[in-house]
Amino acid sequence: MSEENAKNQQSVSAYYSQTEEEVFKELETKPEGLSDAEAQRRLSEYGPNELEGEPEKGMFAMILDQLKDMLVIILIIAAAVSIVLGEVLDGSIILAIVVLNTFLGVYQENKASNALKALKEMASPQVKARRNGKVVELASSQIVPGDIVLLEAGDYVPADLRLIEANNLKIEEAALTGESLPIDKNAKVLLDEDASLGDRINSGFMGTVVTYGRGTGIVTQTGMHTQMGNIAGLLNQSPVESTPLQKKLDQLGKVLGFICLGVVILIFGLGLYRGMDFFEIFMTAIALAVAAIPEGLTVVVTVVLAMGMQRMVKVHSIVKRLSAVETLGSTTVICSDKTGTLTQNKMTIEKTYFAGQTYDVTGSGYSAKGELLSEDGQAVSGDHIQLLVQGAILCNDASFDSEAETILGDPTEGAMVVLGYKLGMDKEKWDNDFTRIDELPFDSDRKLMSTVHKHTAEHALMFTKGAPDELLKRCVNVQTANGIEPLTDEKREVILKTNEGFAQDALRVIAVAYKELPAENFQVEEEGLTFVGLVGMIDPPREEAKDAIDTCKKAGIQVKMITGDHRITAQAIGEKLGIASDTGTIEGSQINGMSDEELQEAVKTTNVFARVSPEHKVRLVQAVKRNGDIVAMTGDGVNDAPSLKNADIGIAMGITGTDVSKEAADMILTDDNFASIVMAVSEGRTIYANIRKVVGFLLSCNIGEILVIFIAMLFNMPIPLAATQLLAINLITDAFPAFALGMEKAEDDVMDKAPRNPSEPVVNKMMGVAVSIQSVFLALGALASYLVGYHAQAPLSTIFAGNVDPIAHAEAMTCCFFTLVLGELMRAYSSRSETVSIFKMKLFENSYLNKCVLASLVFMIAAIYVPFLNPVFSTVPLTASELVFAFLLAFLPVVGGEVAKKVRF
């Protein structure tokens, strides 16, 4: 079967008019799903389950994009003019530089494209499907016709499906049909072949959203053969636009370009006025124009952003859009869910009450490590509360894997099983010794669960657990240190006060009771029970969350906890994490009574919000934004999508999050951990700081090169740099170190500063002054090197008398070239921080920069001391003394960089 014929087969049948058996037969599949081998074969035939977007740019197109640049065109024209005028060598050098520049541009663009493609694949929705009779998770692109797909609320439908099961299933199909309400699905109906799309209630369609219930379906069409594929032109993602930062830098480049071109024209005019050789001044002006304009800045920034996004993956954060990286760096408020993000999402028993005594339990999460502590803090044996633990783990359907530290079953019951393991009571052993012979399952009306276990030949034991107030109503006795005693009102009051105390500590409290039954012919009645004790549990805060919140405080970032939990629980967790404020906790019912203006004021001082709905989350985000803050918001449910969209940074949970929340978000946490948000903010700040370093370095170098030529011409000096030297400096010495600066690690104080103002320009007042100082020092160092080099061969008076010695001029140009290259390379090390002195840094920590500097130094030495390169770059070998002077003057730009760091406003 040819690939084309195979693909065409996807669009033949109206599966919605066929029975399940007919669909299984036609698609050659079965309820347990396809085998891996068959699925792979179909994938190769039908292709990936993807909509066709904009075609990827080929290598030739990328090369053409590079050659369309205005400055590249100017260079090509300059090369052609040079060759026509007989300067073949100069023209060839310019063409070689154009080729090399094009190669570097294509390489960087391709690297950024590959990085973004990899991130897109990591963020692609996952699908639950049956393969080989087992439920597995697959990337949606791997789904093929005949796959059996499982759906639940929050999932995107990955392809077109014929439903075979639909349990209260509702699917939002507005993207296809325009129907505003979710559609109730029915897998059992058969439809006419001419049934309209909106009436196909036994089908699911690619790109629609499950809003309620569960379902199972057979994949009938994938990719461009789906209904969504038919209107793929409407759904294809728009071409990736430049981020706000890239647009700012592009605009900056244009402004600088016009300024620099004006200076270049002025220099060209001065040269003609002085009667300089037309070709020399023309080539110098062209080279200076190319050197002056940071045309590669946007490309470098794109690569830095893309590489930064890849680094964020290492801190468990998948950032889906480049613009989100910029926004992360200026985040001022993080609104976080509680469960699983600030807490471990692992219920843990912290207190127990048995026979009139309260005991603390150590250990956290699903770890079997922990011990029982008496009221005076002494470790005691689990035998002290054995009956309580026995009842808690026998009247229990959860299981615990102590090696993997995972539970299977209800988290509340799992916490009790873990307690047993901490105290040396293995549930599996107890279940074998006390076989369950009957039970009353938990019921939300009774709020109780009971199980009956074989005990002796004559007796069975019934254990009951549940809500303390409900259980106490059914108890007539109480277990004490002296044995079983009647449950008096006084004893009942003590138990209720203990329960209240546990609840005030935000613990969820479960009571345990028991009674003896005859071994046979018994009735399971939850009456006449003996009260045993209480266990109090909580979902504890993540250990790393407290440190992360402390980091946020230092960084000037507010943390607000927004949860659907009870007020007491929310307040207690907020206090443990250090985010609870003096104004206490605001509940959703209070938000309902607030105007937008009142809520805007309330969010300034309140950090804990309890019993909130998705609608409340949207209002809270909008209130925070109206205060001028940049807000990041977490969410995992279908109904969280509006608040994620409203936030400046929407953050979805990668583990518990639905496909809808992940699609709506700008960032996905692969570990659902609040600390990862803070690390991502730190990474975002680092990326922005590195981009500023790149900008500052390139501007100071480019402006410094302009000043070298401009000052020389103002003082009637010869042009101290050849055109090929300027072009080589721009390509080799500036570009490579600039890229390496973008790879700089985070500075130690990156999270000790207040968030940046997102409206502030990249080149703010501080950077403008710093660039000016550094440029002047760079130019002075290069010009001084020229004069020293010239003076070594001829009197300086000959320069200003217009009688330039050609040998001395060649020496001087080489000295200037050496100082300028070395000065810029050393300036790159100083540029690793805008505030920290080069003498306080770990100087060679940036391995990328070390390699780039080494390569540039090799190039410079070769240009000076390799004989056949001397005429190419207008250089001559320097003597030892000239090298020493040129080397010492190269420190002047470093001095300028250090001076600039001390200037503050």
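Me: Which residue with a positive phi follows α15?
Reply: First, the ground rules: this is a predicted model, where local features need pLDDT of at least 70 and side-chain atom pairs count only at pLDDT 80 or more, while totals for chains, interfaces and linings use all residues. Residues are numbered from 1 along each chain as its sequence is written, and side-chain values use heavy atoms, with hydrogens and water left out. Helices here are DSSP runs (H or I, at least four residues), numbered from the N terminus. After α15 comes a residue with phi near 80 degrees, and that is Gly424.

Me: What is the distance between the end C-alpha atoms of α15?
Reply: The expected span is 1.5 Å times one less than the number of residues. For the twelve residues 411–422 that gives 16 Å, so the model agrees, with its ends apart by 16 Å.

Me: Which element gives the largest share of the lining of the largest cavity?
Reply: Lining residues have an atom within 4 Å of a cavity point. Of the 18 here, the closest to the centre include Gly696 and Ala770. Elements giving two or more residues are α26, α28, α30 and α34. The largest share, five residues, comes from α28.

Key. 1 Å grid on protein atoms, 1.4 Å probe; cavity = no way out; pocket = protein on both sides within 12 Å on 5 of 7 lines; lining within 4 Å.
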